[in-house]
Amino acid sequence: MNASARPDIPQDVALRAVEWWMELQSGENTRAQQLALTRWCAEHPDHERAWQHICSVSSRFRGLAEATTGNAGAGGTAAARAALTRPGLARRRASVKALTTLLFAGGATWIAGEHVPWRAWSADARTALGERRTITLADGTRMTLNTDSAVDIRFSNAERRVRLIKGEIMIATGHSDGERRPFIVETGQGSLQPLGTRFGVRQQSALCRLDVFEGAVRISPLDAPGLAPIVRAGQRARFTRDDVSALEPISENDAAWTDGLIVASGMRLGDFVNELDRYRTGHLSCDPSVAGLRLSGTFPLSDTDRVLDTVARTLPVEVVFITRYWGTVRAARA
C-alpha cells in the first residue's frame, strides 16, 4: 500500500509532513523551525492538505495515549522522539516511513481496534467534525449525535438496538415495549439497557463513558456481563470490556453540548482545551504550565475561534498558531 491512503496527497509530501510532525512532537523545535513549517505549508495546496490531515489524525493518537497511559500526548511524543533518536540515516528514514503509514494509512484505526473508517462512513447516521444532529427513531426515541460521531440502528421484532461506532450520543427513550423488545445501546466495550431514561454515551478509545440524566441504565461489560451495575440519574460511570469504574456525580451542564454549548464551572483549562479540540479541524493543545488554570463561563461551540479569543481575554494566556490547523494555548508574554 502507498504510505498515503489519500490519493490527493503525494507520498513525498506525506513523508515530509511526518518529518515536520516529528520535529514538533520532539519538544526541541525552535521559532525558526516553526516559521519554516509555515512557509512550507504555504508553498503548495498539497502541503497544506497534508498538514491538516496529520494534525487531525495525530489528535486521535493523543486520545489513545491518554486512555492507555494516562499521559496526554505520550504516544505522539514517544514515537517522535524514538524515531528522531534512532542511530543511522537509514534507520531514521525507516522510522519516518513507518510513522507515515501509521498517520496516513492507518491512523483512523487508533480510536478502537475495530473502528475502521469505512464503518463510520457507511453508518446509518453520522456527523462531521463540529456538527450535531438530532433524529427521531421509529419508536419515538430522540437521539442526538455530537461532533464526529456515527451509529448504526437495528430495530427488529426482538429488540431495538443502536450501535455507537464512534463519538458521542444523547438518547431520550420513547415508548417502552417492556421486556418484549428491549432498547439496547451497544459500544465497543459492552451494552447498555436503559430503564426509561435520558442518558449520554461517549466512546473514549479503550473505554466508554455513561452519563445518566433521568431514570437509570444497566451496564453489561462485554467480557464481564455478570457485573451489570445500574447507574441512576445524576451519576456517571466509565467502563471497559471487563470492568466498571466507581460512580461519579454529574450535572445538567454535562449535557450542554446538545444545545451547542460548553458550560465550564471552575474547569481546568487543560480539560477545557481538550474538549474544545473535539469540535475543531486540526490540533489544539494546552501547555502544561497553564493547564491547571480554572475557567468558568458558557461558551458557544459554533464559533471556537471566538471561544479562544474569550479565553485569552479572561485568563493570562495567549493562543499561538503555527499554522491554521496547529494551535497551542500557552502563558501570555508580558
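Ala, Val, Leu, Ile, Met, Phe, Trp, Tyr, Cys and Pro are counted here as nonpolar, Asp, Glu, Lys and Arg as charged, and the others, Gly among them, as polar. The structure is a predicted model, in which local features need pLDDT of at least 70 and side-chain atom pairs count only at pLDDT 80 or more, while totals for chains, interfaces and linings use all residues. Residues are numbered from 1 along each chain as its sequence is written, and side-chain values use heavy atoms, with hydrogens and water left out.

The secondary structure of the chain consists of eight helices and 19 strands. Both are DSSP runs numbered from the N terminus, helices being H or I over at least four residues and strands being E over at least two. The chain has 334 residues, and 46% of them are buried. A residue is called buried under 20% relative accessible area, exposed over 50%, and partly exposed in between (1.4 Å probe, protein chains only). The accessible surface of the chain is about 15700 Å², and carbon and sulfur atoms account for 49% of this. Such areas come from the Shrake-Rupley method with a 1.4 Å probe, and for residues only the protein chains shown count as cover. Of the contacts between residues at least 6 apart in sequence, 53% join residues at least 24 apart, where contact means heavy atoms within 4.5 Å.

An open sheet is formed by seven strands with antiparallel pairing, in the order β2-β3-β6-β9-β10-β13-β14. Strands β2 (133-136) and β14 (248-249) stand at its edges with a single partner strand each, so one side of each has no neighbour in the sheet. Two strands are said to pair if DSSP finds at least two bridges between them. Strands β10 and β13 run antiparallel and are joined by five bridges, and Val-212 has Gln-235 of β13 as its bridge partner. Strand β13 (residues 235-239) also pairs with β14, in the antiparallel sense, over two bridges. Here Gln-235 has Pro-249 of β14 as its bridge partner, and Arg-236 stands opposite Glu-248 in β14. In a regular strand the side chains alternate between the two faces of the sheet.

Seven strands also form an open sheet with mixed pairing, in the order β1-β4-β5-β7-β8-β11-β12. Its edge strands, β1 (125-126) and β12 (230-232), each pair on one side only. Within this sheet, β4 (residues 150-155) and β5 (residues 160-166) are paired in the antiparallel sense over six bridges. The bridge partner of Val-151 in β5 is Leu-164.

Positive phi values occur at two loop residues described here. Asp-148, in the loop between β3 (142-145) and β4, has phi near 50 degrees, a positive value in a residue other than glycine. Asp-148 is partly exposed, with a relative accessible area of 23%. Ala-228 lies in the loop between β11 (216-221) and β12, and its phi, near 40 degrees, is likewise positive in a residue other than glycine. The relative accessible area of Ala-228 is 26%, so this residue is partly exposed.

A search of the whole structure finds one cavity of 30 Å³ or more. A cavity is a set of points, on a 1 Å grid over the protein atoms alone, where a 1.4 Å probe fits but cannot get out; lining residues have an atom within 4 Å of a point. Grid points are joined across faces, edges and corners, and a volume is the space filled by probe spheres set on the points. The volume of the largest cavity is about 50 Å³. Its lining consists of Glu-168, Met-170, Gly-200, Val-201, Arg-202, Arg-209, Asp-211, Phe-213, Asp-254 and Trp-257. The elements giving two or more residues to this lining are β6 (168-172), β9 (198-204) and β10 (207-214). By class, the lining has four nonpolar residues, one polar and five charged.

Helix α7 (residues 269-277) is mostly covered, with seven of its nine residues buried. These buried residues are Leu-269, Gly-270, Phe-272, Val-273, Glu-275, Leu-276 and Asp-277.

Ile-322 belongs to strand β18 (residues 317-323) and is buried, with a relative accessible area of 13%. Leaving aside residues up to four places away in sequence, Ile-322 touches Leu-24, Gln-34, Leu-37 and Thr-38. Ile-322 and Ala-36 are 286 residues apart in sequence, and their C-alpha atoms are 9.8 Å apart in space.

Methods
1 Å grid on protein atoms, 1.4 Å probe; cavity = no way out; pocket = protein on both sides within 12 Å on 5 of 7 lines; lining within 4 Å.
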